[in-house]
Amino acid sequence: MEQYVMKGGTPLTGTVNISGAKNAALALLAAAIMTDDTVTIENLPDVRDVKVMLTAIEEIGGKVEYLDKHTVKINGSSISALSVDYEYIKKIRASYYLLGALLGKYKKAEVALPGGCAIGSRPIDLHIKGFKALGASVDIGYGLISAQAQSLVGTHIYLDKVSVGATINILMAAALAEGKTTIENAAKEPHVVDVANFLNSMGANIRGAGTDVIRVQGVEKLHGTVYSVIPDQIEAGTFMCAAAATHGDVLVKNVIPKHLEATTAKLLEAGCEIIEYDDAVRVCAKDIELSPTQVTTLPYPGFPTDMQPQMAVVLALASGTSTVTESIFENRFKYVDELARMGANMKVESNIAIITGVEHFTGARVSAPDLRAGAALVIAGLAADGVTTVDDIHFIQRGYEDFEEKLRGIGAAIEKVDSDHDLQKFILKVS
Ligand code: EPZ
């Protein structure tokens, strides 16, 4: 089974280029089938979740053509099935974006119910509330969620909780509804804005994305477009935390600094020096002692829940006591026990982690419990004394393109191995 193996202790230095945002890309790919014209999407991250979504689109009859590793052409005119089966939704929850896209375009859609996942129960009641408000009948049974409508009619929808997925799914269905839809308490994440911009480039009429009130004037049909995915704010934040935890000096390129403001603010509080450029952020933590601080995850522009494990690793190496409060998901501290094997001193009470910083971590064998926690354990391994191996790296490969190559590019002693022989070879090489 593939593992990452790394030897810690080297401050990461140099320049890393950030890929397109996974969580924007997954929604854009689903929305791309809402026209019968051809859509070209550029700057796609070359990650497993994107590949799964593209396969799901082909499975229902859509045409997918890779122009290169990061660019695809999609044409939804040949879609023949309106049902996305369990195989895809089991692999990526985001397949449920096909529900909003197919319902919007064909007024009928069926998708396997997404199961729970490592970080929490992940309900979709708000998605269903939105579809029903637009006039769709929604049935759940036999592991499927089916939605259909004679016609979708614009309405006023208030989301009881801020939900990225529900905001995007409802946005897609409303884009081709009759009349005006207002979504209140909408999510403001950059990838919500990216989906709205993408749909507008296809002829939709969406205003207010990025605020908590989004107004959609439904249109008859959408046309083709060429669109480039925004940079991944979570991949960028992950490398920023890697620079901080290893006392390095890293220039993180191809980013939108505004999208990183919460992460930047917390790393500044932790004592890092941060310089912002137009499309890059430099994080320097050379010869500094990391300082403790308090973090609470919140919907954008608050501190991202997807950055919680990575920031916790930085604070676990700070000189003092920090707290990390996870307010979005109920089970996002599964990495704490793994980190304890490396010497971290963290205690979780309800949804708060109390972190007492330690001088250093020591290398150990750990396993990734989920995507972002897996990336956080790699950061810990790069900061630790000695050798660390991280198992279950398939989680990490879902959302980070060329993760170990990019880390090697800034000086990390890390390799992906899939045999004990290769593992021993690496250990011999670095010892
Ligand atoms: C998206 O998940 C992201 N995934 C997650 O990233 C991210 O953590 C999350 O947004 C929050 O930013 C993708 O974009 C593919 P939500 P999503 O709906 O849309 C509750 C990663 O690591 N809720 O904003 O599923 C829910 O339980 C992944 O890349 C309902 O109660 O998140 C949670 O407490 C992990 N009912 C809160 O809202 C609903 O119908 C926020 O969830 C929907 C959500």
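This is a predicted model. Let's begin with Thr305, which sits in the loop that runs between strand E18 (294–296) and helix H10 (308–315). Is Thr305 buried or exposed? Its relative accessibility is 11%, and because the limit for a buried residue is under 20%, Thr305 counts as buried. Leaving aside residues up to four places away in sequence, Thr305 touches Thr297, Glu326, Ile328, Phe329 and Arg332. With Glu326 there is also a polar contact between the two side chains, at 3.0 Å.

Now for the ligand. Around it lie 24 residues, and the closest are Asp125, Ser163, Val164, Asp306 and Ile328. Ile328 is also one of the residues that Thr305 touches. By type, the shell around the ligand divides into 11 nonpolar, five polar and eight charged residues.

| Residue | Part of the residue | Distance to a ligand oxygen |
|---|---|---|
| Lys22 | N or O atom in the side chain | 3.2 Å |
| Tyr96 | N or O atom in the side chain | 3.2 Å |
| Leu126 | polar backbone atom | 2.8 Å |

Taken alone, the ligand exposes 820 Å², and the protein buries 91% of that. Which elements give two or more residues to the shell around the ligand? They are helix H1 (22–31), helix H5 (125–133), helix H6 (164–175) and helix H12 (371–383). Of the elements, H5 gives the most, with three residues.

With a relative accessible area of 0%, Ala166 is buried. Beyond residues up to four places away in sequence, Ala166 touches Leu126, His127 and Leu159. Ala166 and Phe131 are 35 residues apart along the chain, and their C-alpha atoms are separated by 9.5 Å.

Last comes helix H7, which covers residues 190–201. Its 12 residues reach 16 Å from the first C-alpha to the last, close to the 16 Å expected at 1.5 Å a residue. The buried residues of H7 are Pro190, His191, Val192, Asp194, Val195, Ala196, Phe198 and Leu199. Just after H7, Gly203 takes a positive phi of about 105°.

Notes:
Residues numbered from 1 in each chain as written. Predicted model: local features only at pLDDT ≥ 70, side-chain atom pairs only at ≥ 80, totals over all residues. Heavy atoms only, no water. Helix = DSSP H or I, 4+ residues; strand = E, 2+ residues; numbered from the N terminus. Buried < 20%, exposed > 50% of the residue type's maximum accessible area, 1.4 Å probe, protein only. Polar contact = N/O pair within 3.5 Å; in protein donor to acceptor, adjacent residues only side chain to side chain. Contact = heavy atoms within 4.5 Å. Expected span 1.5 Å × (residues − 1). Near = heavy atom within 4 Å. Areas by Shrake-Rupley, 256 points an atom, 1.4 Å probe, with all protein chains shown as cover. Nonpolar A, V, L, I, M, F, W, Y, C, P; charged D, E, K, R; others polar.
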